[in-house]
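Please view the sequence and the structure first.

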Number of protein chains: 2
Amino acid sequence: MRGVVMYGPGDVRVEQVAEPTILKPTDAIIRLAATCICGSDLWPYRGADAVTEPLHMGHEYAGIVEEVGAEVTTIKPGQFVVGSFFASDNTCELCRAGYQTSCVHREVLGTGGAAQAERMRVPLADGTLVATPDLPTDDLVPGLLAASDVLGTGWFGAVAAEAGPGKTVAVVGDGAVGLLAVLAARELGAERIIAMSRHASRQALAREFGATDIVTERGDSGAERIRELTGGLGAHSVVEAVGTQESMMQAIRATRPGGHVGFVGVLHDVAIRGEDYFMSHVHLHGGPAPVRRFLPELIELIMARRIDPGRVFDLELDLDQAADGYRAMDERRAIKVLLRP
Amino acid sequence: MRGVVMYGPGDVRVEQVAEPTILKPTDAIIRLAATCICGSDLWPYRGADAVTEPLHMGHEYAGIVEEVGAEVTTIKPGQFVVGSFFASDNTCELCRAGYQTSCVHREVLGTGGAAQAERMRVPLADGTLVATPDLPTDDLVPGLLAASDVLGTGWFGAVAAEAGPGKTVAVVGDGAVGLLAVLAARELGAERIIAMSRHASRQALAREFGATDIVTERGDSGAERIRELTGGLGAHSVVEAVGTQESMMQAIRATRPGGHVGFVGVLHDVAIRGEDYFMSHVHLHGGPAPVRRFLPELIELIMARRIDPGRVFDLELDLDQAADGYRAMDERRAIKVLLRP
């Protein structure tokens, strides 16, 4: 079968790779209806994360179950399923508390994820995968694929930031996760949603997802602008969806004392200085989003056509064109690229 | 009148200082029933914070109102009152949200606080001070004085760590704040309370305040020991009451994914590395405790003799002996020193 392999920065190839097989009795094999390229795939692509061995890329997936291991009891061949980037048993104490990405039996997907391919193996299938009630029509596939990571991650950011009725929510980062955090804040009932973006097409999508205000300033001036818009106090809730030192401090400084930062951008070379943070009175929570916690609810909203998170895919390519997709995301010509195997 | 002045590291003197006067119509003058030395007073005493001018020390206070400014309406001369280290209006949006130490009209007390004296000026008296329902008997004064800072701070740490029924709470730091965080966790209904201490007298007081377990290890081995005691997961709630890099990381690493760290030790030379923190899934909240939020409840508990936080004062001296008190705390011979003016 075909799969996407990264050999080094900027070097992405579609190759013949081995078919996945059931390795443990709790595994499932799925045939991907669609897969996609993640902002975090750009870290190794840009050389910010080392590539020490060929990486079988991709960790976002939705598709049809083809085969299950002997101990899989709830997931059945023929079902359409969505899962997340860490496999989890969904039964341990941490899963039950809603932190499936910290599951005590957590498993990463194959090296690099291996979801940018025709088929993939998913460990702990019963805990990891959520089946749709019926087979979705083709137009719903992008939204269901978005639920696998970017929607679930933006949603967790908004939940961690305690977005809700009466709240002013600011979102740092206008990638797919940031844009879907805007959508999540709206669904959670936020009163005012400030998207921070300087790109017209992303601003437009932010507005479509529910942003009431756009701020184009960044860093300390961005935080200052949020304070100006909130009576000098700062937002109640800020979602950090970038992961740099500047964006993290922008998020903390844009939040009022007693407010909440939900951070979901993978932190790279970030250090939060105690002297900066102590007086801020800001709550911090985040990390790798426990997408599994939200999947049943998100699938329901998507199947009911109440939300359309698939709108973040503004470029759709054949799997064979994956290298073009990486380039388009790297150059910020595309917000997010969907690949059809 | 007499007051405590710090001239430099290790140089504390009791001197004749100017009587405080009403400077603004919202001020009150109180005569101190008791005052005390704070762990944070040791930072300049030890040279960790620069002393660039003579500091009139002290920020913990309880006593009788002698005089109020023309705009003070609820606080009356003759009342016994307790206040906190930042003056606050208690009416702004941040105060109403429970963050009085971030009040938009926040005022620090005089240079260095000036509460280690016979009398002191308290700004924003109506917002800052809470009166006891009746004049307390003398044996209740130490407890009420503790409410002014160390009890309120330990309480905020426990609240920020979300201590409560069914929770295992660990406390990093066995100073007065840490010990009173143990007491707070018990009052908040925690199931299990682990005090981290290697001093017999402090361990004994921690047990008296409600600790169910004592851990003597520190740093990473301390965190490891907490995980061993909690089925490998870590505590639900950890209070950080020291403020160093080691203690902060000990707190984060002792907390389970999804758990909460409440940090109240003033952070000195601390940097939280994103790479360490991102995968932890730990909530962080803390800062300068909004003691005012808790004062009415704490005063009620103390007046009803339900809690006895005054037990942290294990050395009582005359104000004139303040230098001995600083030495005793610096050498850890005393947990906390009460000074009688």
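This is a predicted model: local features need pLDDT of at least 70, side-chain atom pairs count only at pLDDT 80 or more; totals for chains, interfaces and linings use all residues.

Residues are numbered from 1 along each chain as its sequence is written, chains are lettered from A and ligands numbered from 1 in the order in which they are written, and side-chain values use heavy atoms, with hydrogens and water left out.

**Interface between chain A and chain B**

- Contact, meaning heavy atoms within 4.5 Å, involves 38 residues of chain B and 38 residues of chain A.
- The two chains bury about 3100 Å² between them, with 67% of it on carbon and sulfur atoms; buried area is the accessible area (1.4 Å probe) that two parts lose on being put together, summed over both.
- Two salt bridges cross this interface, a salt bridge being a side-chain nitrogen of Lys or Arg within 4 Å of a carboxyl oxygen of Asp or Glu.
- Glu93(A) and Arg256(B) form a salt bridge in which the closest N and O atoms are 2.8 Å apart.
- There are 18 residue pairs in polar contact between chain B and chain A, both residues at pLDDT 80 or more. A polar contact is a pair of N or O atoms within 3.5 Å; within protein, one must be able to donate a hydrogen and the other to accept it, and residues adjacent in sequence count only if both atoms are side-chain atoms.
- On chain B, the elements that give two or more residues to the side touching chain A are helix H2 (93–96), strand E15 (255–263), strand E16 (271–273), helix H10 (274–278) and strand E17 (283–286). Helices (H or I, at least four residues) and strands (E, at least two) are DSSP runs, numbered from the N terminus.
- That side of chain B has 20 nonpolar, twelve polar and six charged residues. Here Ala, Val, Leu, Ile, Met, Phe, Trp, Tyr, Cys and Pro count as nonpolar, Asp, Glu, Lys and Arg as charged, and the others, Gly among them, as polar.
- Strand E16 (residues 271–273) of chain A pairs with E16(B) in the antiparallel sense over three bridges; two strands pair if DSSP finds at least two bridges between them.
- Ile272(A) has Ile272(B) as its bridge partner in E16(B).

**Domains of chain A**

- Chain A is assigned domain 1 (2–149 + 290–340) and domain 2 (152–286), the bounds coming from an automatic or database domain assignment.
- The centres of the two domains, taken over C-alpha atoms, are 26 Å apart.
- Domain 1 of chain A brings 24 residues to the contact and domain 2 of chain A brings 22 residues.
- Together these domains bury about 1900 Å², 62% of it on carbon and sulfur atoms.
- Trp43(A), Arg332(A) and Ile335(A) supply 31% of the area that domain 1 buries against domain 2, more than any other three residues.
- Three salt bridges are counted between the domains, and Arg332(A) meets Asp174(A) in a salt bridge (2.8 Å, N to O).
- H11(A) gives the most to the side of domain 1 that touches domain 2, with six residues.
- By class, that side of domain 1 has 15 nonpolar, no polar and nine charged residues.

**Three-stranded sheets**

- In chain A, three strands form an open antiparallel sheet in the order E2-E1-E4.
- Strand E1 (residues 2–8) of chain A is joined to E4(A) by two bridges, and Val5(A) stands opposite His56(A).
- Chain B has an open sheet of three strands in the order E2-E1-E4, with antiparallel pairing.
- Strand E2 (11–16) and strand E4 (55–56) of chain B each have a single partner strand, so one side of each is left without a neighbour in the sheet.
- Met6(B) has Leu55(B) as its bridge partner in E4(B).
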